[in-house]
Amino acid sequence: MTTPLLRVEDLRVHFFLDEGLVRAVDGVSFDVHPGQVVGIVGESGCGKSVTMKAILQIVEPPGRIVGGRILFQPDSGAAVDLTRLSPKGPALRAIRGAEIALIPQEPMAAFSPVHSVGEQIIEALKLHERQWRPSGPRLSRAEARSMTVDLFRSVGISMPEERIDAYSWQLSGGLRQRAMIAMALSCRPRLLIADEPTTAIDVTTQAQILNLLRDLQRRHGTAIVFITHDLGVIAQMARYVVVMYLGRVMEQGAVEEIFHAPKHPYTRALLRSIPSVNVAPRTLLPTIAGSIPHPLGRPRGCPFHPRCPDAIPGVCAERAPALRPVGSTQLASCFLYHRDEAVEP
Amino acid sequence: MSATPLLEVRHLKKSFPIRRGWNRKVVGAVAAVDDVSFTIREGETLGLVGESGCGKTTTARCILRAMAPTSGEILFRAADGRVVDLAPLSHTGLRPLRPQIQLIFQDPFGSLNPRMTIFDNVGEPLLVNGLRDRRARLDRVADLLELTGLRPEHMHRFPHAFSGGQRQRIGIARALATEPRLVVADEPVSALDVSVQAQVLNLLLELQKRLHLTLLFVAHDLAVVKHISDHVAVMYVGQLVELATAEAIFRHPRHPYTAALMRAVPVPDPLAPSGDVALAGEVANPANPPAGCYFHPRCPFVVETCRTQTPPLREIEDGHVVRCHRADELALTGVGAEPRRTV
């Protein structure tokens with residue numbers, strides 16, 4: 001296999017609150033290969049967004065990366081450990097926005113309301129010019145503007161010449177998200193992080209945006225880390241899926257394996273409990289007992305054991321299972337498959 | 001069809017003025033709800049679906065009389081058997097009917113008073129409606145909490161001690177406190193995680209069976225609506241575009257918008273066909289809707305008539321109403337009722 005573009009190894013991000021320690025991300029590992037779409041799925045509090053913030057080094061205090069490595073493979077040379085770089089230093093700034101771009105959940109909050117959307121994209125283009133175009137004359141304003149118009153056209157914004165001067169609050173939700181995608185793609189990143197990019201959007205517009213992302217991904221070969229809580233979106237977008245629960249990876253594998261042969265009891269229960277349009281009306285859903293524990297009261301051992309139908313007495317509550325292979329590409333952290341492989345509690 | 005109608009909404013309209021300038025001059029109107037009619041029979045659930053801005057919440061608020069409709073009738077069969085039109089009633093006129101129509105809110109975090117205990121939150125509707133005896137209230141609240149799957153001994157805790165799913169159960173307990181005949185649930189599970197969403201949906205189904213509740217279930221998620229509804233009404237830009245039994249509407253949608261809405265939902269199966277962009281364009285602006293059929297600029301089956309003439313709402317089959325000129329000739333595919341692949 002090729003060398004991964006991004007390798008997250010045993011990442012730990014803890015939040016040091018007055019009330020206690022929250023292990024928001026506690027030993028997460030996964031790889032993203034060039035051109036691959038990796039989906040990270042999980043319910044609230046599972047650490048999916050914190051993982052994303054750790055990759056970009058934008059974890060807010062009192063949160064801190066306390067362990068693990070995030071290796072990013074630049075175009076040439078050796079892989080860089082992003083956790084070693086200063087969050088405000090030039091090395092990371094050269095990567096963030098240029099090599100790794102973000103599509104945030106709320107484009108309304110991400111765009112500045114006092115600058116036109118076009119202006120913000122032109123700024124990014126000029127700021128990262130040397131990353132996406134190592135040689136050649138300096139980019140002129142007119143050139144940057146015409147590039148932005150082209151970007152708008154490529155993400156399906158009609159009347160791009162007029163829309164470029166619009167402010168984010170003048171655009172509809174779908175257009176705003178398209179403009180955000182244009183901005184994320186402006187510097188031709190090799191890795192795109194999409195954090196719930198369609199959660200705030202209506203379903204027919206969501207279908208358009210997902211199609212656009214799929215199309216752009218195919219055309220440019222950009223690798224995407226797709227973060228969502230929607231299993232339907234994951235199934236349609238990702239090739240490889242990471243299932244998280246309370247800061248840990250429960251299971252990961254190729255999308256077909258995760259959806260058709262899930263191994264971890266949490267993945268199985270989660271898939272069963274989604275309402276589907278393919279069932280008879282008014283049928284009871286299989287449920288997962290209990291609710292997601294409070295972040296400060298995380299259970300000992302396997303975080304899922306109090307809700308797990310297959311919990312092994314005396315084992316699951318004591319130690320946390322390690323993530324180990326259970327199939328050709330599939331890994332699961334569950335004592336049902338690896339009785340003796342635990343990580344430090 | 002045997003049950004008697006509990007709620008009958010006829011030609012409901014609600015428009016909001018658009019004001020401009022220093023003197024707040026009225027320069028136009030947004031027809032948020034534009035001629036909506038439906039019936040809910042006793043013990044049944046009507047699912048009201050649509051995308052944001054389609055008027056589904058405004059419809060629900062008019063029925064609750066949280067706002068006064070511009071025109072139309074809201075006929076409600078009260079507990080004593082009288083049929084009352086809620087639309088023109090005043091505050092005092094509504095007073096005796098309020099306990100019979102209750103609401104479950106979307107946001108389980110914003111809808112409970114954080115300074116009141118669960119007992120006070122759930123017991124307040126009882127107090128307001130004249131149950132002054134604290135002992136009796138304690139008993140009733142304990143029963144309600146048990147009914148919704150909560151532990152009665154937790155009733156003196158404050159809302160912050162509960163998770164989202166538990167808070168939504170508290171909200172349901174509060175809605176049921178006055179033994180309502182009609183419960184309006186406005187997106188009651190959309191703020192919940194998947195694993196908790198299933199629990200709350202099941203709870204609503206069970207409670208409905210046990211208490212013979214009638215539900216108006218407002219949601220944007222078609223899968224959720226299918227799980228809970230007997231009938232489904234689809235709205236688009238303030239208008240009702242299709243109404244039928246859940247079975248019929250999912251199997252054979254007759255309006256192109258309904259069909260597109262169904263196809264747009266991403267299916268949680270990587271082998272399912274995808275990439276079918278159901279619809280181009282965006283939802284029309286209700287302040288300035290297109291001429292003719294409101295859906296025509298996005299409709300793949302548009303013909304000349306659609307651009308000029310507004311289609312009427314008509315019954316195409318027994319109990320299946322649709323607002324489309326071409327409903328008879330189109331063969332639209334829905335989503336099947338075949339059992340889901342077992343995991």
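Which domains does the domain assignment of chain B give?

1. The model is predicted, and the points below should be read accordingly. For chain B, the assignment gives domain 1 as residues 5–20 + 27–236 and domain 2 as residues 252–343. Their C-alpha centres are 28 Å apart.

2. Between these two domains of chain B, 11 residues of domain 1 are in contact with 11 residues of domain 2. On the domain 1 side, the elements that give two or more residues are β2 (25–41), α7 (222–228) and β9 (231–236) of chain B. Of these, β2(B) gives the most, with 4 residues. By class, this side of domain 1 of chain B has 8 nonpolar, 2 polar and 1 charged residues.

3. In chain A, the peptide bond from A:P61 to A:P62 is cis, and its omega is near 10°. A:P62 lies in the loop between α1 (48–56) and β4 (63–72) of chain A.

4. Positive phi in a residue other than glycine is found at A:D10, where phi is near 50°. A:D10 belongs to strand β1 (residues 6–17) of chain A. This residue has 13 other C-beta atoms within 10 Å and is therefore partly exposed.

5. A:L246, likewise not a glycine, has a positive phi of about 45°. Its place is in the loop between β9 (240–245) and β10 (248–254) of chain A. Is A:L246 buried or exposed? A:L246 is buried, because 23 other C-beta atoms lie within 10 Å and the cut-off for a buried residue is 20 or more.

Key
Residues are numbered from 1 along each chain as its sequence is written. Chains are lettered from A and ligands numbered from 1 in the order in which they are written. This is a predicted model: local features need pLDDT of at least 70, side-chain atom pairs count only at pLDDT 80 or more; totals for chains, interfaces and linings use all residues. A residue is buried if 20 or more other C-beta atoms lie within 10 Å of its own, exposed if 12 or fewer, and partly exposed in between; C-beta atoms are placed from the backbone. Domain bounds come from an automatic or database domain assignment. Two residues are in contact if their C-beta atoms, placed from the backbone, lie within 7 Å. Ala, Val, Leu, Ile, Met, Phe, Trp, Tyr, Cys and Pro count as nonpolar, Asp, Glu, Lys and Arg as charged, and the others, Gly among them, as polar.
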